[in-house]
Amino acid sequence: MSFLVTARKWRPKIFDEVVGQSHITQTLKNAIVNNRIAHSYIFAGPRGVGKTTTARILAKSLNCMNSINGEPCGECEMCKLFNNQQSLDVIEIDGASNRRIEEIRTLRESVKYAPTKGEYKVYIIDEVHMLTTESFNALLKTLEEPPEHTIFIFATTDIHKVPLTIISRCQRFDFRRIELGEIKSLLHKIAEAENIKIDDKSLTLIAKKADGALRDAQSLFDQVISFCGNNVESDVITKMLNLIDEEVYFIISDAVINKKYEDAFIVSKRIYENGWNFIDFVDGLIEHFRNIMTVIVSSNLKLIETAEVYKEKYNNYKNEFSEGDILRILSFLNKLQYEIKNTRNQRLTIEISLTHLIGLEKTSTISEILSKLNSGNVQLTDDQEKKKPILKPDISDSPKSENNSVKSSINSDPIIVVDKKNLNTGKEFKRLWEILIDKIIEEKFSLGLMAHTKLIEVIENKIMLELEHPEDEAIIKNHLQYINQAIIEILKNKYELVFTNSVKNGGKQIHNSNSESSIPKQTIYDDAGKKPFEEEHPLIKSIITELGGKEV
Ligand SMILES: [Zn+2]
């Protein structure tokens, strides 16, 4: 196999081939098409994300004789000269090694001369932040009165070190870190073209290690290929780069759920024996719990940068932790992150900390107390039916609820009691409800007011809504047929909308306008203005005893 470094072989030749920076390349193309060329540009952003590459394409396109839609043609005389690095009109300067005033003076001299063949003389100064103050001052004079046909493109990884006087005279473009998915898909494309077998997990490992820098990803890719040949397996990459196996993070989060203390020692032993870095491990563990947090709060797996196989695992954690639990874990790990850097015995610190982590008691949130209360302790008043549960998340259908004492206290959501097989958690119902409201608002202009309704409770097949303006009820009722259909479509079941502050009741909040009400009035959602909670109310008692609340 003739070997040409991937980064060079796959270096973009036109703007459209630049990965992950379309917000910049599109603007530059438009500028060329409309002939609105600035005299100086500054490209800022992390290393290896395409700044120099974009600068070169811009330089080439500016001098191209048949530029098409702002892209260089690649075939005219100017493009060919450029491709063979023979163009005298594009001058590349490395700011790091030409930082002194003498060199900038030479540059200023050369700027005076017109381009030899092309329309523009383009100076690309890489790592411009490395210039000395004197050099910047000398450069500034040129920028203040730039010779016509001269264009400067500065690139920097450290925009804060570039004087504002320079920046303010340039058109600034901020290059972004390239997303994991974008890096993966480019590597995948390259692998296919080169007939290399590589799986998703391996691509993820390489892309992750590159941390947003495409160039780094490509050189890692080369390294891996020269080590593994044309058949790449993730285990080999893990060993070769001595990466921490992500499985260990899952072992820890599982241990937290199942209170398996010995796993703290098993994991610590594995880190030690593999020669992994304990500091990296803590960083990785923080990212891991951050991923779990992402799943809990957004259910959007796309926000997690990990291999496909792990995404499913993360999804399974959705009902195992509450936001409060994860926040406490993250704050604990943040402290550990500091501690591990300053300790003499990292292994011991990790073992102690992981044991603590696994033993962390769950936070009691108000919603959890409510769910505890209502799972049997709440005494309803005599005139209320006691048949139906209230404020109790239905977890009976969940297979995970067996043998898992943690579960009941963390999977609580006080608002929703739905007894439908596929909507067995309050969170899932709320998620679907939000989708439903979005759909309604998008499809029916006149129902925009639905955005201002508040979901109060769901009991059996009744959805209690509070209206911002009780008069809105009439408008909603006009579209009831449409709404009911949307409900069936999204929630997969029939539900009746009940307005807690219906005009029929003078706009007052009640929990059910239906006479055969089965809903006890005593919930925290009761209209506080009507009747304040009494001291002996079980909720108040719990807030005082379990959360240390005080009567004010
Ligand atoms: Zn051309």
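**How many bridges pair β10 and β11, and in which sense, parallel or antiparallel?** β10 and β11 pair in the parallel sense, over four bridges. Before going on, a word on the model: this is a prediction, so local features need a pLDDT of at least 70 and side-chain atom pairs count only at pLDDT 80 or more, while totals for chains, interfaces and linings use all residues. Residue numbers start from 1 along each chain as its sequence is written.

**View 1. Strand β10 sits between β9 and β11 in the pairing.** Helices and strands here are DSSP runs numbered from the N terminus (H or I of at least four residues for helices, E of at least two for strands). Two strands count as paired if DSSP finds at least two bridges between them. On one partner, β9 (residues 454-459) runs antiparallel to β10 (residues 462-466), joined by five bridges. Leu-455 stands opposite Leu-465 of β10 there. With β11, the opposite residues include Lys-462 and Glu-496. β9 and β10 make a hairpin with two residues between them, and Glu-460 in that turn has a positive phi of about 50°. Four of the five residues of β10 are buried, so the strand is largely enclosed by the rest of the structure. (Buried means 20 or more other C-beta atoms within 10 Å of a residue's own, exposed means 12 or fewer, and partly exposed is in between; C-beta atoms are placed from the backbone.)

**View 2. Five strands line up in an open parallel sheet.** The order across the sheet is β2-β3-β4-β1-β5. At the edges are β2 (90-94) and β5 (171-174), each pairing on one side only. From one strand to the next, the twist averages 15°. β2 and β3 (residues 121-126) run parallel and are joined by five bridges; look for Val-90, whose bridge partner in β3 is Val-122. Helix α3 (residues 51-63) packs on this sheet and touches β1 (40-44), β2, β3 and β4 (150-156), with its direction at about 170° to that of β4. For the angles, axes are lines fitted to C-alpha atoms, for helices over the stretch in contact, and values run from 0 to 180 degrees between N-to-C directions.

**View 3. Helix α3 also packs against α2.** The axes of α2 (residues 22-33) and α3 come within 11 Å and cross at roughly 15°. The two helices are therefore roughly parallel to each other. (The cut-offs: under 35 degrees is roughly parallel, over 145 roughly antiparallel, 65 to 115 roughly perpendicular, and the rest oblique.) Their crossing is right-handed, the term for a near helix turned clockwise from the far one by less than a right angle, with anticlockwise being left-handed. Ile-24, Thr-25, Leu-28 and Ile-32 of α2 meet Thr-54, Leu-58, Ser-61 and Leu-62 of α3. Residues are in contact if their C-beta atoms, placed from the backbone, lie within 7 Å. By class, this contact of α2 with α3 has five nonpolar, three polar and no charged residues. (Ala, Val, Leu, Ile, Met, Phe, Trp, Tyr, Cys and Pro count as nonpolar, Asp, Glu, Lys and Arg as charged, and the others, Gly among them, as polar.)

**View 4. Helices α13 and α17 pack at an angle of about 150°.** The axes of α13 (residues 262-274) and α17 (residues 346-359) are 9 Å apart. The angle makes α13 roughly antiparallel to α17, and α13 passes α17 in a right-handed crossing. From α13, the contact uses Ala-264, Phe-265, Val-267, Ser-268 and Tyr-272; from α17, Arg-347, Ile-350, Glu-351, Leu-354, Thr-355 and Ile-358. That gives seven nonpolar, two polar and two charged residues. Tyr-261, in the loop between α12 (247-258) and α13, touches Thr-355 and Ile-358, leaving aside residues up to four places away in sequence. Tyr-261 counts as exposed, with 12 other C-beta atoms within 10 Å.

View 5. Gln-85 counts as exposed because it has 8 C-beta neighbours inside 10 Å.

Terms used: Contact = placed C-beta atoms within 7 Å.
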